[in-house]
Amino acid sequence: MTLFAAVNIWRWHPHPEVWALVVGLIGMYAYAIRVIGPTATQDDEVIVTKAQVRWFVAAMVTLEVAADWPMHDIGEKYLYSVHMAQHLLLSFVLPPMALLATPTWLARLVIGNGRGYRVVRWTTRVVPATIFFNVVVVFSHWPAVVALSVKYSWFHYSLHFLVVAVALNMWMGICSPLPELRFTLLVQAGYLFLQSVVPTVPAGILVFSETVAYKSYNHAGRILGMTPIEDQQLAATIMKVVAGTYLWVIIACLFIRFATRAQEDDRVRGVQLDRRAPAGAWPEPPSSRPVRYRRPSGPADEPTLTWDEVQQQLADAGPAPREPSG
């Protein structure tokens with residue numbers, strides 16, 4: 001069995017359905033940009049940016065690598081760790097690339113503004129998106145589901161379609177082409193943290209299991225130098241460590257963006273206040289100004305006149321003279 005695996009593991013298998021999918025997506029993207037874009041956008045609106053085109057190319061390369069030979073064949077027939085890496089690419093790498101490659105006008109054209117838009121707006125909220133994504137993650141790693149995906153290629157591709165669909169829905173809150181569907185930066189960080197928690201459960205089971213959890217990968221001997229138990233432990237490492245590190249790097253970038261934006265907002269607010277009230281332009285409010293009392297000016301040795309002395313001088317002067325009438 002070891003010799004058979006070593007000889008046949010790299011044997012090439014054509015996947016015309018994957019080629020048709022990739023070529024079809026490239027054709028639809030090019031048609032949308034070249035034909036639909038000029039009529040669906042304003043004169044001063046950018047149809048597509050260079051960065052979006054680069055993201056699309058990266059997404060198509062990722063799709064081809066994850067769904068075609070050799071990753072698909074090795075992951076389906078020989079190594080569960082390769083199967084896990086395949087699902088990691090389809091759920092954590094491909095979806096954000098595809099969303100970043102989509103112009104806003106194209107996303108609005110596809111989703112519309114009716115019932116479809118309302119459904120997307122509801123499913124991309126924090127709670128529904130988290131539940132849908134993690135339920136599919138647990139479902140796709142259920143031993144019976146894995147056995148079916150290994151046995152039937154059509155079921156395997158259908159499972160991939162489901163994984164990509166819920167992953168696209170999950171990533172909409174982070175990098176949606178529709179700005180109103182994105183969460184705030186702090187919510188995005190907490191949201192991605194939630195996505196890193198649930199996979200620890202199956203990963204922990206696989207790491208500490210002393211038996212092979214997936215009978216379809218319980219081959220005799222070694223494949224690429226690994227026993228089935230070592231292959232299972234490597235798959236758990238990919239699920240927990242690699243995927244977790246990937247998410248935590250994004251979380252750290254979100255925190256840096258949040259702190260940088262907060263500093264920039266404080267600086268702009270300070271400049272606006274300085275421009276609105278320059279130094280010395282407005283008097284301080286009376287309650288905030290210190291009260292200072294001054295002594296009357298004059299010689300320091302000048303005698304002080306009392307009220308009794310004033311009355312005495314008025315009495316000595318007699319009555320005031322009357323003015324002559326008419």
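**A loop serine, then cavities and pockets**

Reply: Ser209 counts as buried, at 19% relative accessibility. Buried means under 20% relative accessible area, exposed over 50%, and partly exposed in between (1.4 Å probe, protein chains only). This is a predicted model: local features need pLDDT of at least 70, side-chain atom pairs count only at pLDDT 80 or more, and totals for chains, interfaces and linings use all residues. Residues are numbered from 1 along each chain as its sequence is written, and side-chain values use heavy atoms, with hydrogens and water left out.

Me: The backbone oxygen of which residue lies 2.8 Å from a polar atom of the side chain of Ser209?

Reply: Ser209 sits in the loop between helix 12 (200-208) and helix 13. Helices (H or I, at least four residues) and strands (E, at least two) are DSSP runs, numbered from the N terminus. Not counting residues up to four places away in sequence, Ser209 touches Ile229 and Gln232, where contact means heavy atoms within 4.5 Å. The backbone oxygen 2.8 Å from a polar atom of its side chain belongs to Thr211.

Me: How much space lies in the largest cavity?

Reply: On a 1 Å grid over the protein atoms alone, a cavity is a set of points where a 1.4 Å probe fits but cannot get out, and a pocket is an open set with protein on both sides within 12 Å along at least five of seven lines; lining residues have an atom within 4 Å of a point. Grid points are joined across faces, edges and corners, and a volume is the space filled by probe spheres set on the points. By this rule there are four cavities of 30 Å³ or more. The largest holds about 210 Å³.

Me: Which helix gives the most to the lining of the largest cavity?

Reply: The lining has 16 residues, with His87, Ser91, Phe92, Val137 and His141 nearest the centre. At least two residues each come from helix 5 (80-100), helix 8 (126-140), helix 10 (153-175) and helix 13 (228-276). The top contributor, with five residues, is helix 5.

Me: How many charged residues are in the lining of the second largest cavity?

Reply: This cavity holds about 50 Å³. Phe92, Lys240 and Leu247 are among its lining residues. Ala, Val, Leu, Ile, Met, Phe, Trp, Tyr, Cys and Pro count as nonpolar, Asp, Glu, Lys and Arg as charged, and the others, Gly among them, as polar. The lining has five nonpolar and three polar residues, and the charged count is one.

Me: Which helix gives the most to the lining of the largest pocket?

Reply: The largest pocket has a volume of about 1,200 Å³. Of its 34 lining residues, Leu25, Ala98, Thr102, Val164 and Leu168 lie nearest the centre. By class, 28 are nonpolar, five polar and one charged. The most, eight residues, come from helix 10.

Me: Which helix gives the most to the lining of the second largest pocket?

Reply: About 540 Å³ of space lies in this pocket. Of the 26 residues lining the second largest pocket, Pro96, Leu100, Ile174, Cys175 and Arg257 are closest to its centre. The lining divides into 17 nonpolar, six polar and three charged. Six residues come from the top contributor, helix 13.

Me: How many disulfides does the structure hold?

Reply: Cys175 is buried, at 11% relative accessible area. Cys253 is partly exposed, at 42%. A disulfide is a pair of cysteine sulfur atoms within 2.5 Å. The number of disulfides in the structure is zero.

How values were computed: Polar contact = N/O pair within 3.5 Å; in protein donor to acceptor, adjacent residues only side chain to side chain.
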